[in-house]
Structures are given as C-alpha cells and as structure tokens.
Amino acid sequence: MCGMDELLFLDTETTGNELMNDRLCQVCYKISEGIFMGYFKPPIPMSVKAMSITNITNKMLHDKEPFRASSMKKDLEKLLPEKILVAHNAKFDCAMLENEGLSVSRRICTLRVARYLDPENLIPEYNLQFLRYYFDIDVEANAHDAEGDVKVLCAVFDRLFSKMRAELKSDEEVIAQMIDVSSRPTLFRLFSFGKYKDKKIEEVVKSDRRYLEWMLNQKLDSGTEEEDWIHTLQYYLKD
C-alpha cells in the first residue's frame, strides 16, 4: 500500500525543452523530512530562451558543480526507488533526471491528473501557474524557479487529491488511481484551439474526419512530444 509519506515532489529548471538533448541546471524536491534545492553547471550552455524564462544565466552557473557529481544525485539515487515522484508534466522532469543517469519507477503527473478530473474541459489551461491562480491558491512562490514551483506543485496536488478523495475510500486508493492515470496518455474530448475550439472531438470526426487525419499526420511528422494528442486522434479515428 502507498502512503502520503512516500511522495517526493520535484521540479527542475533546464537548459531548454528538448527531452533528449537538454539538461537540468536547478533541482528542488520535497519529502516529509524537508525541502532541498541546488543549482548545477550543465554540460551544455543555457539557451537564451531558457534564461529569459528562469533568470538563470550561464554566468550564475559557471562555478557550480555538475549534477552527476553532486550529493543531491546520490540522495535521489537512494530516494527515487522507494518514493513516488510527483511532478507537473512528469514526463519532462523524468527525462531530465534520466539524462543524468537516474531512473524513476513510480510517478504521479499532476498535469494528467488535472485533465482527468476535468472531463468537460472547463479549465482553459493546465500549466502549473495557471492552475495556481485558477484554484485561488495562496502561496508565496516565484514562477519558473524550482523551489517556488515545488511549493505550488504541493498545493495543486492537495487540491487534486481532495477532489479525488471525495470519490474514493482511502488515501492509498487515491494515490494508486493517480499513478494509474499518470501512466496513460490523456484522452482529450474537446478542442481547446483552432477552428474547432470548444467543439467535441467525437462530433468533429463525423463532420470533418479529414481534418483530424491531417492533424494526426502533422503530430506524427513534427518530431515533437505529442503523445496525448496522437493517442486522442488515433482513438477517434480508429473506426
């Protein structure tokens, strides 16, 4: 059985957004014993785009130790096999950890859980900072800073947990359900963009199947990480 004390909340700031190529430069995680944060010198330079978002510069990192040589990596090597990692868009953070030689056995993605709990797509956006203000969360935290984002992550998780807990019998069942939801691609039901914005996908496939076929080909050919949309479009086009 899984308990709340098994959770490890984590956020990374990175040199960019490419899963295979970019590397972390700041890591923060929170467990029951406390919150831990560090800056690290990545093996590749920060992109200008990343610096503009995080305010972390190459100059700030030039005298930091590499993450692979850090005590934090050693600590996470011990913690990750026994903990459940909680992250927003966990696929990205897990990829950044894997680029540094770490592996994650169990994870909860608050992005996928938030989408799962909003089947009618009432929430316009699902990024962490949007959910922070959508849920009217009062927490002192700087956006795009790993420590600040972990504080927001914990608060968003609590809201999602409470909503799911109302329908399940125990905390352990909620955590197990969150892990299951996080392990599967999201199935979207509404378009949140484009000419069919706010339209049900099941209706669009009947009236304009060629549009969904075109969109699927674009997603498959783009080389970007579009797992959720590829899954959704294949689901509605399967008949």
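The model is predicted, so to speak of local features takes a pLDDT of at least 70 and side-chain atom pairs count only at pLDDT 80 or more, while totals for chains, interfaces and linings use all residues. Residues are numbered from 1 along each chain as its sequence is written, and side-chain values use heavy atoms, leaving out hydrogens and water.

**The sheet**

- Five strands make an open sheet in the order S3-S2-S1-S4-S5, with mixed pairing; strands (E, at least two residues) and helices (H or I, at least four) are DSSP runs numbered from the N terminus, and two strands pair if DSSP finds at least two bridges between them.
- At the edges stand S3 (34-39) and S5 (107-109), each with a single partner strand, so one side of each has no neighbour in the sheet.
- From one strand to the next, the twist averages 20 degrees; axes are lines fitted to C-alpha atoms, for helices over the stretch in contact, and angles run from 0 to 180 degrees between N-to-C directions.

- S1 runs antiparallel to S2 (residues 24-31), joined by six bridges, and Thr14 stands opposite Leu24 in S2.
- With S4 (residues 84-87), S1 runs parallel through three bridges, and here Phe9 faces Val86.
- S4 and S5 also run parallel, with three bridges, and Ala87 is opposite Cys109.

**Helices on the sheet**

- H4 (residues 90-99) lies across S1, S2, S4 and S5, running at about 75 degrees to S1.
- H8 (residues 171-182) packs on the sheet and touches S1, S4 and S5, with its direction at about 75 degrees to that of S5; contact means heavy atoms within 4.5 Å.
- In H8, the buried residues are Val174, Ile175, Met178, Ile179, Val181 and Ser182.
- Those residues cover an arc of only 165 degrees around the axis, which puts them on the same side of H8; the arc is that of the directions from the helix axis to the C-beta atoms.
- Their cover includes S1, S4, S5, H5 (110-116) and H7 (146-165).

Key
Buried < 20%, exposed > 50% of the residue type's maximum accessible area, 1.4 Å probe, protein only.
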